[in-house]
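User: Please take a close look at one part of this model for me. I would like to follow the strands, the helices and the loops around them in one connected account.

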There are 2 protein chains.
Amino acid sequence: MHDVENRPWILIITHGQFGKELLNSCEMVLGKMENVYCFSLLVGMPPEQLIENVAAVMDSAPAHSIILTDIYAGTPSNVAAVFAKKKQCPVICGLNLPMLIEAEMSRAETGGDEWAKRIIDAGNESIKNITRIINER
Amino acid sequence: MHDVENRPWILIITHGQFGKELLNSCEMVLGKMENVYCFSLLVGMPPEQLIENVAAVMDSAPAHSIILTDIYAGTPSNVAAVFAKKKQCPVICGLNLPMLIEAEMSRAETGGDEWAKRIIDAGNESIKNITRIINER
């Protein structure tokens, strides 16, 4: 659906640096990822500063770009909600590694709600009790 | 259920350092957490080394301790599966911030399968499309 130049971007907003390290971990699995931008809420940082940091990237992001955040109703997701309202971009919370992998794998073919759905489905399918799986074999 | 001395431990095994940073982010929300141990699969590290690192902690972990990992069937979860078999501890994959928060919040009262279920439920409930929630208001 998208050629390389206008593939949607992935923005990640989290408490602290875990979004950045999640991206590093994801790149251990998939290799280098382009146009993924991480924003950290640091201790003592006012939300307005985080909004400003995100806006500096979001204002030039292609259509169908997406924001991934760590937890519903925390400051990072409240900041993301500002852009959900303003830009109508999908904002998904509960980010884990399988969701970021799915976001990268499907971003060339999808965008908007279909992309969001694939990421959410990947997240829900990824949460398992491995011990139970082993015991049922 | 558990007094402080024999509260179960939380072990986190991930690709790269994201488990460590996830713990830091979680502590931004909950404050300092005790007896949480993070293990990183680094580039070029043999799985045997990771197994050895985990075993050094797991061998003295209290009953009902738990392992949280990033993605099913990756090296970290395969390493965790070794301990699932050997110790019958719950191993949960798909770790995100709300799951780690739930693991900490409920570890004093629960253990084993009930604890695992609460963490998995917290994970599944945490994955949402915030833009859709805003638009439905």
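Analyst: A residue counts as buried if 20 or more other C-beta atoms lie within 10 Å of its own, as exposed if 12 or fewer do, and as partly exposed in between. Keep that in mind for chain B. The model is predicted.

Start with two loop residues. B:His64 sits in the loop between α2 (47–58) and β3 (66–69) of chain B. B:His64 has 21 C-beta neighbours inside 10 Å, so B:His64 counts as buried. Now look at the backbone. Most residues other than glycine have a negative phi. B:His64 is not a glycine, yet its phi is positive, at about 70°.

B:Asn35 also has a positive phi without being a glycine; the value is about 55°. B:Asn35 belongs to the loop between α1 and β2 of chain B. Is B:Asn35 buried or partly exposed? B:Asn35 is partly exposed, because 15 C-beta neighbours lie inside 10 Å.

Next, the strands of chain B. Strand β1 (residues 10–15) is mostly covered, with six of its six residues buried. β1(B) runs parallel to strand β2 (residues 36–41) of chain B, and six bridges join them. Across this pairing, B:Ile12 faces B:Cys38 in β2(B).

Helix α1 (residues 18–30) of chain B meets helix α4 (residues 97–106) of chain B. Their axes come within 10 Å and cross at roughly 60°. The crossing is right-handed. From α1(B), the contact uses B:Leu22, B:Ser25, B:Cys26, B:Val29 and B:Leu30. From α4(B), it uses B:Leu97, B:Leu100, B:Ile101 and B:Glu104. What kinds of residue make up the contact of α1(B) with α4(B)? Seven are nonpolar, one is polar and one is charged.

Finally, a sheet that draws on both chains. Five strands form an open sheet in the order β2(A)-β1(A)-β3(A)-β4(A)-β5(B), with mixed pairing. At the edges stand β2 (36–41) of chain A and β5 (128–129) of chain B. Each edge strand has a single partner strand, so one side of each is left without a neighbour in the sheet. Further in, β1 (residues 10–15) of chain A pairs with β3 (residues 66–69) of chain A in the parallel sense, over four bridges. There, A:Leu11 stands opposite A:Ile67 in β3(A). In a regular strand, side chains alternate between the two faces of the sheet.

Notes:
Residues are numbered from 1 along each chain as its sequence is written. Chains are lettered from A and ligands numbered from 1 in the order in which they are written. This is a predicted model: local features need pLDDT of at least 70, side-chain atom pairs count only at pLDDT 80 or more; totals for chains, interfaces and linings use all residues. Two strands pair if DSSP finds at least two bridges between them. Axes are lines fitted to C-alpha atoms, for helices over the stretch in contact, and angles run from 0 to 180 degrees between N-to-C directions. A crossing is left-handed if the near helix is turned anticlockwise from the far one by less than a right angle, and right-handed if clockwise. Two residues are in contact if their C-beta atoms, placed from the backbone, lie within 7 Å. Ala, Val, Leu, Ile, Met, Phe, Trp, Tyr, Cys and Pro count as nonpolar, Asp, Glu, Lys and Arg as charged, and the others, Gly among them, as polar.
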